[in-house]
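Please consult the sequence and the structure shown below alongside the text.

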Amino acid sequence: EPEHKQPRETPIAAKPFALALSADRRYKVYTPTANFMLVKILDDVLTAELLFEKAIRQGMMIRDCSTFPFLDQKFFRFCVMSPEMNDKLLACLLDAH
């Protein structure tokens with residue numbers, strides 16, 4: 001009988017970040033199953049490129065996913081880091097206009 005795979009759990013470090021970012025209606029966070037998160041921007045004005053520029057100016061990196069198959073300028077991803085860097089990135093994303 002084939003084994004049934006259990007869904008992967010969200011990495012512990014990612015949970016608070018995913019919950020906090022999901023609370024902002026401008027973002028849809030896809031359930032992370034690894035050490036990175038995929039996010040869709042629901043805001044009409046924001047793009048992954050704008051967020052990338054904002055993050056890079058503050059010494060952080062996110063990945064613009066517009067070159068990925070089936071994704072566009074409304075998707076980005078990033079790696080879950082230390083709690084301090086996660087807080088810094090979260091503040092950057094929540095402050096984006």
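On the face of H2 turned away from its buried side lie the exposed residues Glu49 and Arg57. Here exposed means over 50% relative accessible area, buried under 20%, and partly exposed in between (1.4 Å probe, protein chains only). Helices (H or I, at least four residues) and strands (E, at least two) are DSSP runs, numbered from the N terminus.

## Basis of the model

This is a predicted model, in which local features need pLDDT of at least 70 and side-chain atom pairs count only at pLDDT 80 or more, while totals for chains, interfaces and linings use all residues. Residues are numbered from 1 along each chain as its sequence is written, and side-chain values use heavy atoms, with hydrogens and water left out.

## Overall architecture

The protein contains three helices and four strands, arranged from the N terminus as α-β-β-α-β-β-α. Of its 97 residues, 34% count as buried. Among contacts (heavy atoms within 4.5 Å) between residues at least 6 apart in sequence, 53% join residues at least 24 apart.

## The buried side of helix H2

Helix H2 spans residues 48-57, and its buried residues are Ala48, Leu51, Lys54 and Ala55. They lie on the same side of H2, because they cover an arc of only 125° around the axis; the arc is that of the directions from the helix axis to the C-beta atoms.

Just after H2, glycine 59 adopts a positive phi of about 80°.

Threonine 47 is located in the loop between E2 and H2. With a relative accessibility of 19%, threonine 47 counts as buried. Its side chain reaches the backbone nitrogen of leucine 50 at 3.1 Å. When residues up to four places away in sequence are not counted, threonine 47 touches Ile41 and Gln73.

## Helix H1 and alanine 18

In H1, the buried residues are Ala14, Phe17, Ala18 and Leu21. Their arc around the axis is only 100°, which puts them on the same side of H1. The face turned away from this buried side carries the exposed residues Pro16 and Leu19. The cover over the buried residues of H1 includes E1, E2, E4 and H3.

Alanine 18, one of the residues in helix H1, is buried with a relative accessible area of 10%. Leaving aside neighbours within four places in sequence, alanine 18 is in contact with Val29 and Met37. The C-alpha atoms of alanine 18 and valine 29 are separated by 6.4 Å, although the two residues are eleven apart along the chain.

## Packing of H1 against H3

Two packed helices are described by the angle between their axes and the distance between the axes. For H1 (residues 14-22) and H3, the angle is about 10° and the axes are 11 Å apart. Axes are lines fitted to C-alpha atoms, for helices over the stretch in contact, and angles run from 0 to 180 degrees between N-to-C directions. H1 and H3 are therefore roughly parallel to each other, a term that applies to angles under 35 degrees, with over 145 counted as roughly antiparallel, 65 to 115 as roughly perpendicular and the rest as oblique.

At this contact, Phe17, Ala20 and Leu21 in H1 meet Asn86, Leu89, Leu90, Leu93 and Leu94 in H3. By class, the contact has seven nonpolar, one polar and no charged residues. Ala, Val, Leu, Ile, Met, Phe, Trp, Tyr, Cys and Pro count as nonpolar, Asp, Glu, Lys and Arg as charged, and the others, Gly among them, as polar.

Terms used
A polar contact is a pair of N or O atoms within 3.5 Å; within protein, one must be able to donate a hydrogen and the other to accept it, and residues adjacent in sequence count only if both atoms are side-chain atoms.
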